[in-house]
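The tour goes stop by stop: select, look, move on.

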Amino acid sequence: MSEPDNVAALEKVEGAPGTPSSAVPEVGRSRTLGGDAWETLRGSWVFWGSLILIGVLVVMAIWPGLFTSVDPRACDAARSRQEPSGAAWFGYDVQGCDVYARTMYGARASMMVGGLSTLMALLLGAGMGIYAGFYGGWIDILLSRVTDIFIGIPILLGSIIILSSIPTPPDSDFLNVLKVSLAIAVLAWPSTARVARSAVIQVKQADFVAASRALGASRGWMIRKHILPNAAAPVIVITTISLGGYIGAEATLSFLGIGLQPPVVSWGIAINDAAAYIRNTPHMLFFPAIFLSLTVLAFIALGDVVREALDPKAM
Amino acid sequence: MASAETPAAPAPDTAAADPIMNVKGLVKHFPLRSGVVIKRQVGAVQAVDGVDLQVRPGETIGVVGESGCGKSTLAKLLIGLETPTAGSISLTGREMVGASGGKLKAMRRDVQMIFQDPYTSLNPRMTVGDIIAEPLEIHPDAVPKAQRTERVRELMSLVGLSPEHIDRYAHQFSGGQRQRIGIARGLALNPKLLICDEPVSALDVSVQAQVINLLQDLQNRLGISLIFIAHDLSVVRHISHRVAVMYLGRIVELGDKEQVYNNPQHPYTKALLSAVPNPDPAMRGKGNQIVLEGDPPSPANPPSGCRFRTRCWKAQAKCAEVDPGLELTSSGARAACHFPGDTPSQPEVAA
C-alpha cells in the first residue's frame, strides 16, 4: 500500500469533506504569501491602477525635478494669484509661486510623512501585538490595556496636543517631517497592535505550532517560521490602508497650521494658504487638493484589493 | 475499513524488555477560576486523574473512550505539550516531568506525535520538504546538514510519498497524503515512541485503512512503540497489542487486545463494545446492546468512589464509598471495578 502509484490512483476515490481540489494538483504553484496574493491581484485593474498611481507619486517624491524645472521657492509677488496659463499650468499662488512646481515638490513631504509614520506604527504596533499575542498571560493583559489607553485618544486631538507642545525645529525640513510622523505614529500604532495580536493568537493555536513545540523548537523559531508568515496578511492590509489615512492626517494637521511648517513645501500647507481665496481663485486650492485625494485614494484602493487577495476564506 | 484479516504485528516479548515509557499517577487538573478582578480558583476539571501506563518497546497501546474522557489531554501530557499537575513520566529511565531546557529538548527526540487534523497540523506556508526537515533543523546534531535533503527524500518514500513532490505545498495534497507528511515529520528524528492522537478520524474511510496499515508497517520495520488514541473500536482492535479503556480521566480497563475485546471485565467496556454496529443485517436490533443512561458526569465534579457508578447497572453502596483500583481480573486484564466480569451484584440497590 505504500507505493506512490497506488496512492495516486486512490486519490481520485477520495472525497472527504474539506478535501480541497487537490486531486489534480498544479505542480509548483506557490503557497507563499506573495504567491497567494499574486494569483488574485494580477487580474485586477484596481490593483494595477493604484500601483501605477503610487509609482508615479513615489517617483515624484524622490525626483520632483523630473516633472518640473521651475523652482518651487522662486516666487514673485507680482504674479500673485494669477490663473493657470501656458507658462504656469496650475497658475500662481498668493506669494506668486508656481502652483504646479509646488504641487510636484509637495509630494515628497506627504509621502515621507506617510512612509515614516507607517513604518514607526508598524514596528511598534506589530512588535507589541506579536509579543502580547504570543506570550499571553499578564504581559498580554498589560500591553492590551496600554493599547486601549492609546486607542482612546482621538488621533487628531492627540496629535494637536503633541505637536503644539514640541517646538518646531527651525531650519531642518527633515526634522519637521519626522516630528509630524512621530506624532501620528504614536497615536496610530494601537490599531496595528490589535490586528497583529489577534492574528498571532489565531495562528498560535494551530496544530503545526504545537508540533513545532513538541519538537523542542525555541520561541524565536516558532515566531519566525510559523507565526510571522501566517499572521502577516492582516497586518500588511491594515498597514497599506492606514498609509493613505496618515497622509490625509498630515495634510489636516498642516492645514490647521500645526503640522508641517513653511518653508517645507506640502499639499496641506498649500491648501491652508489657498483656503482664504477659494471664492476668487479656487485653482490654488484645487490642484494640491486633487493630488492629495488621489494619493490617499490610491493607498486605500491598494489596501482594499490586497485585503481581498489575502482573505483567508478565499484561499 | 480496517478489517481483521491482516492481524497486528506479533506482540513483542513484553515481559523481558524494560518499558520505553513509564507513566505513574499522572494527573492533569485544569483550574476553574471565577471573579472579576482577582480570580480565585473555584474548582478543577479533572481531565486526567491518576493514569498509570507502561509502554514496552515495539508495542501498540490503543486508548479508547468517549469524547471528553481525557484521551487527548493524556496525549498532550505524554508529549510534553501540557504540564502535569502531579505524577511522573519516565522516558527510558529519564524523568520528563519538571525537565527543562536542553534536557527536555533531548528527550523530545524520542517521543513524537501525529495530530488528528492533517489540515491544521501542517504549516500552509511551508513546502513539504521544509515541513519534514523542520525536526532536523531544530535538532541540528541529528543529521549533518549536507545529508538533510537526502534524509527528507528517504522519509518521504518511507511513508509512501513521491520524493519528487518535495517542493510542493501541503494544500496540494489530499487528506491521506497530508497525514503521511505528518507521519514523516514524526519519524524524522527516529523516535522510540509515536503518539497518534486520532490520526485517522479526520480521514475518509477509504483512506483510513491505508494510513493505519502504513503505521503498522512502519512499526514492523522500525520497531517503534505506538500509543494509538481513537474512538473507533474496530480501528483500535486492528492495530493494537494492548488496549486501555478510559472513562472520565481514568483508565478503567487495561489488557491485551483479545482479553479486552473478547471478555470485557469492566461494565463500561462491555457497554462500549456492545455499541459497535453489527455488520450482519439479520442480527441488527437483536444483539444485546447495552444502552447507558444519562450523560457522563462533569469532570469538574466527578462522583465519589467509582466514577462510572452513576451509569452502572451493577452499582452498589460500596461503589459510592470505595474507589476501585486497577486489579487483575479473571480474564488476565486489569479492571477498576468492584464487580468485574460476570460477578453478580445484588440487584436491589441502584445509585
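A residue counts as buried if 20 or more other C-beta atoms lie within 10 Å of its own, as exposed if 12 or fewer do, and as partly exposed in between. Keep in mind that this is a predicted model.

**Stop 1: a loop in chain B**

Select Ser304(B). Is Ser304(B) buried, exposed or partly exposed? Ser304(B) has 13 other C-beta atoms within 10 Å, so it is partly exposed. Ser304(B) sits in the loop between α9 (267-274) and α10 (317-321) of chain B. Ser304(B) and Asp323(B) lie 19 residues apart in sequence, and their C-alpha atoms are 7.5 Å apart in space.

**Stop 2: the eight-stranded sheet**

Show the strands of chain B. Eight of them make an open sheet, ordered β6-β7-β8-β3-β9-β10-β12-β11, with mixed pairing.

Select β9 (residues 242-247) and β10 (residues 250-256) of chain B. Six bridges pair β9 with β10 in the antiparallel sense. For one bridge, pick Val245(B): its partner in β10(B) is Glu253(B). Next, select α9(B). This helix packs on the sheet and touches β3 (60-64), β9 and β10 of chain B. The direction of α9(B) makes about 105 degrees with that of β9(B).

Go to α5 (residues 175-187) of chain B. This helix lies across β6 and β7 (193-197) of chain B. Relative to β6(B), helix α5 runs at about 175 degrees.

**Stop 3: the nonpolar core**

Select Ile132(B), Ala184(B), Ile195(B), Ile227(B), Phe228(B) and Val245(B). These have the most contacts inside the largest nonpolar core, which has 175 residues. Which helix gives the largest share of this core? Helix α4 (residues 99-135) of chain A does, with 17 residues.

Zoom in on Ile227(B). Beyond its neighbours within four places in sequence, Ile227(B) contacts Val55(B), Ile61(B), Val63(B), Leu78(B), Leu193(B), Ile195(B) and Cys196(B).

**Stop 4: helix α6 of chain B**

Select residues 205-222 of chain B, helix α6. With 18 residues at 1.5 Å a residue, α6 should span 26 Å, and its end C-alpha atoms are 26 Å apart, so the two agree. Colour the buried residues of α6(B), among them Val207(B), Val211(B), Leu214(B), Leu215(B) and Leu218(B). Glutamines are buried here too, including Gln208(B) and Gln219(B). An α-helix has 3.6 residues a turn, so residues three or four places apart point the same way. Step just past α6(B) to Gly223(B), where phi is positive, at about 70 degrees.

**Stop 5: the four-stranded sheet**

Stay in chain B. Four strands form an open sheet in the order β2-β1-β4-β5, with antiparallel pairing. Its edge strands are β2 (40-55) and β5 (94-95) of chain B, each pairing on one side only. Two bridges link β4 (residues 86-91) of chain B to β5(B). Select Ser90(B) and find Glu95(B) opposite, in β5(B). Then bring up helix α1 (residues 71-79) of chain B. Helix α1 packs on the sheet, touching β1 (21-34), β2 and β4 of chain B, with its direction at about 70 degrees to that of β2(B).

**Stop 6: chain A**

Switch to chain A. What elements does chain A hold? There are eleven helices and zero strands. Of the 315 residues of chain A, 43% are buried. Among chain A contacts between residues at least 6 apart in sequence, 71% join residues at least 24 apart.

Technical notes
Residues are numbered from 1 along each chain as its sequence is written. Chains are lettered from A and ligands numbered from 1 in the order in which they are written. This is a predicted model: local features need pLDDT of at least 70, side-chain atom pairs count only at pLDDT 80 or more; totals for chains, interfaces and linings use all residues. Two strands pair if DSSP finds at least two bridges between them. Two residues are in contact if their C-beta atoms, placed from the backbone, lie within 7 Å. Axes are lines fitted to C-alpha atoms, for helices over the stretch in contact, and angles run from 0 to 180 degrees between N-to-C directions. A nonpolar core is a set of buried Ala, Val, Leu, Ile, Met, Phe, Trp, Tyr and Cys residues joined through C-beta atoms within 7 Å. The expected span of a helix is 1.5 Å times one less than its number of residues.
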